Amino acid sequence: MGGGAAALAGLIFVAMSINHEIIIKNTTHKNRAINMLTGFTAIFMASSFALIGNQYLEMLGFEWLVLWLIATVIFIRGYAIAIRSGMSAIGLNTPRLAGGTICYLTEVIGAVFLIRGYSSGLYLAAIAIVVLFAFLISGAWLLMIGIYEDRAKR
């Protein structure tokens, strides 16, 4: 997952640099891009933390807790700003907000389980990462569609 997340973050970065004028002018696109990069980077970092050798589960839980709390705040803040801006409504709906938030909060809960010494937190986090990965891919697709629509309006 970490390698795939890193590759997709790179592709989004390239797509953003090609279409930077449109993304900068549209608050929805800008915040969606931030959310996609943050999400993919968080998955990459969580995977990297998990690969550190001779690490206690409690320490991994603490690392994940900090990581996923930051990512959760960025996700919710970006979504709220995008909705309030009223610029591009494509993909800005309650099910996507709820689904993404549930994924991030499940990561936080998994981290708390690890801190408490329950290895089941790994399984909880793994499932949430897979679902979050799908949300992020679909979000990246919505970003590209939104950019295409804005370009077609010109």
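Author: Phe75 has 8% relative accessibility, so Phe75 counts as buried (buried means under 20% relative accessible area, exposed over 50%, partly exposed in between, with a 1.4 Å probe and protein chains only). Tyr79 is at 6%, so Tyr79 is buried too. This is a predicted model: local features need pLDDT of at least 70, side-chain atom pairs count only at pLDDT 80 or more, and totals for chains, interfaces and linings use all residues. Residues are numbered from 1 along each chain as its sequence is written, and side-chain values use heavy atoms, with hydrogens and water left out.

Now the pairs. The structure holds five aromatic pairs. Rings of Phe, Tyr and Trp (its six-membered ring) pair if their centres lie within 6.5 Å; planes under 30 degrees apart count as stacked, over 60 as edge-to-face and the rest as tilted. One of the pairs joins Trp68 and Tyr104. Their centres are 5.9 Å apart, with 55° between the planes: tilted. Trp68 sits in helix H4 (residues 57-85) and Tyr104 in helix H5 (residues 94-115), so this pair ties together parts 36 residues apart in sequence. Helices are DSSP runs (H or I, at least four residues), numbered from the N terminus. Trp68 and Tyr104 are both buried.

Back to Phe75 and Tyr79. Their ring centres lie 5.6 Å apart and their planes meet at 50°, so this pair is tilted. Both residues belong to helix H4. Four residues separate them, about one turn of the helix. Ring pairs link Trp68, Phe75, Tyr79 and Tyr104 into a cluster.

Notes
Helix = DSSP H or I, 4+ residues; strand = E, 2+ residues; numbered from the N terminus.
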